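Please look over the sequence and the model before reading on.

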Amino acid sequence: MPGTVLLLAASPVGRGCLVDAASVLPVLAAVAPPVLSGTETANVVELADPLEPQAVLTRLRAAATAPGPLTMFVTGQLQLDRRQRLPHLALARTTPATVRYTAFPWRWFADELRLRPPGSTTVFVDLHADQDAWEFLAGRPLTVGPPAELYGRVAPPPSRRTVAQPTYMRAVATLLRSGHRPPLDRLHQQALARVSGEENARTAATDLVLSPGQSWAGQPWPPAPEFTTVTAPPRTPAPPPHPAVPPASVPAPRVTPAPSATPIPSATPTPSATPVSSAMPRPSVTPPGRAGRRDGSPASDPHEEITEAVRDGRHDDALALAERCGREALATHGPGSEQVLHWMEVRADLAMFAGDAERSCRGWLALAATRLDAGQEPGAPEVESAVDRAHHQWGRIADPARVRELGAELARLRLCVPGRQEGALDHVRRQLSQLQTQA
């Protein structure tokens, strides 16, 4: 089966550029596609300095749904948006003031790769972070989701008026140009050794090194991908809406079309899960009332209080606070508002971390139905994500009666929202049929 390779290099144009990301593409392009992918044949998709997040999402989505192994090489710089304080991959038009609208949200990588079979996805990254993003990552691991093996490094911002070079990715490409593809962990270590030799004069802080199974700042690796809305709170007390998806304006990269989607395996409803007991993150946050409170701010961010409660195992307290915030959002902004939807997401997240798969599944199903009732398209990323997460949690429910009950509701939703993973509806029906046979 052919593999798929996605080469992505992105950095802003002008003074905001921290790294000459695109300079590594000719070196990667010189590597034979089978060596890049580790398969006999491979389709290669190249994105050089894309202009729009939607362009990147389109290519990533096509690659993520292709059958066979997927290997990604991502080079660029990380920045935080000013509203939600979430990491984004900066694109050509990105400035510090426009990150939310012109950069690619990093969490979209995990969203798109979530349903890929475990062991079929490898991601190499060479990233430079601006100062805000560097401080953010000091206590939070960077991840692309449990199904993917992530290798690479994140470097601190270079000195002023200096544009860094993607030396790690260039080292990976140079090693692969020999025509030999060593085991990935060995390739990673060899590239790091070369980077250490080339950058021994650099006075910046030590790079953050990424590899499967690695613990970063004492946190389990990787964290559950669903727990994004709470572990990365905005700075303001108001719960934020999701980042707006800008209109598609696709540049003309060199693209080899990716094949069709991979069916969901019949063995498990969603093969991308990390067990909840081992996936609990330990977010490094300041307890409310201390440094987490900004000067002049009358109250701490509820997201921080929720994060602290989850970290301490006080799941009921976290849920009670999220429910209170949801009621306040409903009274202030009305039903169907993004603020209300945000707190629905948080409650579904919290149920997952409390080990209550049934309540989490119900929460995601309700969120998807609410978005559809509000007029959102079945193909909208937020709608698809809610249904996919409901599907994931449904597969963890042990009570056959609840599986049948929620499975019927999930099947009805899948008729409207089939998602990007081929065979999702058939999978639900097959599981329900097996339960009926066993009854």
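Is Leu330 buried, partly exposed or exposed? With a relative accessible area of 42%, Leu330 is partly exposed (buried means under 20% relative accessible area, exposed over 50%, and partly exposed in between, with a 1.4 Å probe and protein chains only).

## Basis of the report

This is a predicted model, in which local features need pLDDT of at least 70 and side-chain atom pairs count only at pLDDT 80 or more, while totals for chains, interfaces and linings use all residues. Residues are numbered from 1 along each chain as its sequence is written, and side-chain values use heavy atoms, with hydrogens and water left out.

## The chain as a whole

The chain contains 16 helices and eight strands (DSSP runs numbered from the N terminus, with helices being H or I of at least four residues and strands E of at least two). Of its 439 residues, 56% count as buried.

Contact here means heavy atoms within 4.5 Å. Among contacts between residues at least 6 apart in sequence, 75% join residues at least 24 apart.

## Helices α11 and α12

Helix α11 covers residues 315–333 and helix α12 residues 338–353; they pack at an angle of about 165 degrees, with their axes 8 Å apart. Axes are lines fitted to C-alpha atoms, for helices over the stretch in contact, and angles run from 0 to 180 degrees between N-to-C directions. The two helices are therefore roughly antiparallel to each other (angles over 145 degrees count as roughly antiparallel, under 35 as roughly parallel, 65 to 115 as roughly perpendicular and the rest as oblique). On the α11 side the contact residues include His315, Leu319, Cys325 and Leu330, and on the α12 side they include Val340, Trp343 and Phe353. The residues of this contact divide into 11 nonpolar, four polar and two charged (Ala, Val, Leu, Ile, Met, Phe, Trp, Tyr, Cys and Pro count as nonpolar, Asp, Glu, Lys and Arg as charged, and the others, Gly among them, as polar).

Leu330 has its place in helix α11. Leaving aside neighbours within four places in sequence, Leu330 is in contact with Pro335 and Val340. Leu330 and Leu341 are 11 residues apart along the chain, and their C-alpha atoms are separated by 9.4 Å.

Helix α13 (residues 357–373) has 17 residues and reaches 24 Å from its first C-alpha to its last, close to the 24 Å expected at 1.5 Å a residue (the expected span is 1.5 Å times one less than the number of residues). Its buried residues, among them Ala357, Trp364 and Leu372, pack against α12, α14 and α15 (400–416). After α13 comes Gly375, whose phi is positive, near 100 degrees.

Helix α14 (residues 381–394) should span 20 Å with its 14 residues, and its end C-alpha atoms are 20 Å apart, which agrees. In α14, 13 of the 14 residues are buried, so this helix is largely enclosed by the rest of the structure.

## Two loop residues with positive phi

Most residues other than glycine have a negative phi. Asp49, in the loop between β2 (42–48) and α3 (53–64), has a positive phi near 50 degrees. At 29% relative accessibility, Asp49 counts as partly exposed.

Arg85 is found in the loop between β3 (70–80) and β4 (87–89). Its phi is also positive, near 60 degrees. Arg85 is buried, with a relative accessible area of 9%.
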